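Q: Could you show me how to read a few features of a protein model? I'd like the general idea, then the case here.

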Amino acid sequence: MLKVGLIGIGKMGKYHLNIYDELQNVQMNGMCDASQAVLDEVKTRFRYETFTDFRDLLPKVDAVTVAAPTKYHFDIVKECLEAGKHVLVEKPITTNLEEAQKLFEIAAKKNLVLHIGHVERFNGAVQELRKIADNPYLIESRRVGPFNPNFAKDSIVLDLMIHDIDIIVNMVHADVIEIQASGSKVYSELPDYAAVNIRFDGSTTAQIVVSRVTQKKDRIMSISQKDAFITLDYTSQDINIYRNAQSQHVFGNKELHYRNEYILERLFVYKDNPLKQEIKHFIDCINGTVNRVVTVEHELKSLKIALKIDDMLIKGIGAEEVRI
Ligand SMILES: NC(=O)c1ccc[n+]([C@@H]2O[C@H](COP(=O)([O-])OP(=O)(O)OC[C@H]3O[C@@H](n4cnc5c(N)ncnc54)[C@H](O)[C@@H]3O)[C@@H](O)[C@H]2O)c1
């Protein structure tokens, strides 16, 4: 049975731990956190061996989840790969492209599975969307919510927008040729909200709005394509498809009314825990029963776009022609 371990047991690591604990086809062989206080807390619920240094965990496992803070990802993942372990690292993999490329190179050379924890890919609604999206020309995405000071030092692009970039890149198979970006600080030292337009070679435009300073949480995407308007709610995992829309102005007794009619399809979506699906996919890839859902090339492309947008927002560059 595949032996797994966990490195970093904060907010995200605890979610991974819960899933590994319930999976039948893996053996959880140890959990590591740099903080003894964190280990003492999780030990009250989980009886796995604990380590404060991940190097001591490595001889006991075949694969690890790395959910330590992003600034440590490169060093930890590199050592894990060099020790011959498969790695599922939380997103973002790194905060620069060269490091991400280096990690994928090591994984390829050693024939190891290296996945990034883009959990929204495994959202049931996103999986369905991939089947029905057909040359979309306008993609609108909105990922907003209230302020949490714990994330004030994180980039909203690498923390939030990267999910949307990842989904869009895997739907639109063309180069990005122009980016327009605006955003600003509200409570923190980095932009707290951003509105970004991404123009692809061909006829697709994607508009992404992210904010951590909006009083209502929304996680939605909509797609306009030739014969359909599709709306997706990440939280409820619902998809609606509007087709055959007709609109007309109709004279009533006294007033002119606008009437819009359409056929609405509510799609049946298999709703499971997306993180569970992500971890199962990681294990299936290690066992060789499936191929990775997203190519390494697309992983790097998403990161490259995210880093470009982040840089534009920080430097206040409003628009730039690119080829990514
Ligand atoms: N996929 C998602 O939607 C999602 C959501 C939130 C966070 N994340 C990512 O998950 C990662 C962790 O974020 P978090 O919010 O759980 O952070 P966190 O601060 O809550 O937890 C990080 C944990 O790692 C431990 N740690 C630090 N250095 C370590 C080391 N060298 N070895 C072992 N443990 C170490 C810390 O003690 C802490 O317990 C980040 O990369 C973040 O971007 C992903």
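**Helices, cysteines and backbone**

A: Let's start with two helices: the axes of helix 7 (residues 156-169) and helix 9 (residues 296-315) come within 9 Å and cross at roughly 135 degrees. Helices here are DSSP runs of H or I with at least four residues, strands are runs of E with at least two, and both are numbered from the N terminus. Axes are lines fitted to C-alpha atoms, for helices over the stretch in contact, and angles run from 0 to 180 degrees between N-to-C directions. Before going on: this is a predicted model, where local features need pLDDT of at least 70 and side-chain atom pairs count only at pLDDT 80 or more, while totals for chains, interfaces and linings use all residues. Residues are numbered from 1 along each chain as its sequence is written, and side-chain values use heavy atoms, leaving out hydrogens and water.

Q: What do we call the way helix 7 and helix 9 are set to each other?
A: Under 35 degrees counts as roughly parallel, over 145 as roughly antiparallel, 65 to 115 as roughly perpendicular, and the rest as oblique. Helix 7 and helix 9 are therefore oblique to each other.

Q: Which residues meet there, helix 7 against helix 9?
A: Contact means heavy atoms within 4.5 Å. On the helix 7 side, look for Val157, Leu158 and Met161, among others; they belong to a group that meets residues of helix 9 including Leu303, Ile305 and Asp310.

Q: How many disulfides are there?
A: A disulfide is a pair of cysteine sulfur atoms within 2.5 Å. By this rule the count is zero. Take cysteine 32: the nearest cysteine sulfur belongs to cysteine 80 and is 8.9 Å away.

Q: Is cysteine 32 buried or exposed?
A: Buried means under 20% relative accessible area, exposed over 50%, and partly exposed in between, using a 1.4 Å probe and protein chains only. Cysteine 32 has 3% relative accessibility, so it counts as buried.

Q: Where is there a cis peptide bond?
A: Check the bond joining lysine 91 and proline 92, where omega is about -10 degrees. You'll find proline 92 in the loop between strand 5 (86-90) and helix 5 (97-109).

Q: Which residue has a positive phi although it is not a glycine?
A: Asparagine 135 is one of them, with phi of about 50 degrees. Asparagine 135 sits in the loop between helix 6 (124-132) and strand 7 (138-144), and is exposed, with a relative accessible area of 66%. Asparagine 244 also has a positive phi of about 50 degrees, but this residue is found in strand 13 (residues 238-251).
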